[in-house]
Amino acid sequence: MKLVQINFEFTVPTDEYQAVCDKVAGAFAEVPGLTWKAWLINEQRREAGGIYLFENGATAARYLSGPIVAAMKNKPGIKDVEIKLFDILEAPSKLTRFLNLANK
C-alpha cells in the first residue's frame, strides 16, 4: 500500500469549492488502484486536499502522473499544490486500527 497526501490553497469561495468536489468525486471513485480517499478542508486557512490510499506504489505513481493531478495543478482557484508519497508502517498501523479501516 502507498499513501498519498495532497494539499493546496483554494482561492474560490468555499461553497464553490465544495460544489466542485461533489461534482468530481465520482471520477475519483473510478481511479484504478485507489482503495479510498478522504477529502480535507480547512476553511479558515483556505487549505484543502486529500489523503489517498493506493493498492501499491505503481498505482499511486500512475495517478500522480495522470490527468487528474495534472488538471489539479493547472486549475484556476487552486494554487501551491504540495504532493507527498508515504509508505505505511504496518505493525503500528495494525495496532491503531488503520489497516482495519484500509481493508474495508
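This is a predicted model: local features need pLDDT of at least 70, side-chain atom pairs count only at pLDDT 80 or more; totals for chains, interfaces and linings use all residues.
K37 pairs with Y52 of strand β3 as its bridge partner. A38 has I51 of β3 as its bridge partner. L34 stands opposite F54, again a residue of β3. In total, eight bridges join strand β2 to strand β3, and the two strands run antiparallel. Strand β3 covers residues 47-54.

Four residues lie between β2 and β3. Within this hairpin, R46 adopts a positive phi near 60 degrees.

Strand β3 also pairs with β1. This pairing is antiparallel and comprises eight bridges. L3 takes part, with L53 of β3 as its bridge partner. Strand β3 is mostly covered. Of its eight residues, seven are buried.

The pairings belong to an open sheet of four strands. The strand order is β2-β3-β1-β4, with antiparallel pairing. Strands β2 (34-42) and β4 (78-86) form the edges, and each pairs on one side only. On average, neighbouring strands of the sheet are turned by 15 degrees against each other, direction ignored.

Two helices pack on the sheet. Helix α1, residues 14-29, touches β1 (2-10), β2 and β3. The direction of α1 makes about 180 degrees with that of β2. Helix α2, residues 57-64, touches β1, β3 and β4. The direction of α2 makes about 25 degrees with that of β1.

The surface carries a nonpolar patch. V20, V24 and W39 form this patch. Together they have about 220 Å² of accessible area. The relative accessibility of W39 is 36%. Buried means under 20% and exposed means over 50%, so W39 counts as partly exposed. In a regular strand, side chains alternate between the two faces of the sheet.

Definitions and conventions:
Residues are numbered from 1 along each chain as its sequence is written. Side-chain values use heavy atoms; hydrogens and water are left out. Two strands pair if DSSP finds at least two bridges between them. Axes are lines fitted to C-alpha atoms, for helices over the stretch in contact, and angles run from 0 to 180 degrees between N-to-C directions. Contact means heavy atoms within 4.5 Å. Patches are made of residues with over 30% relative accessible area and no salt bridge: like charges are joined within 9 Å, nonpolar side chains (Val, Leu, Ile, Met, Phe, Trp, Tyr) within 5 Å. Accessible areas come from the Shrake-Rupley method with a 1.4 Å probe; for residues, only the protein chains shown count as cover. A salt bridge is a side-chain nitrogen of Lys or Arg within 4 Å of a carboxyl oxygen of Asp or Glu. Buried means under 20% relative accessible area, exposed over 50%, partly exposed in between (1.4 Å probe, protein chains only).
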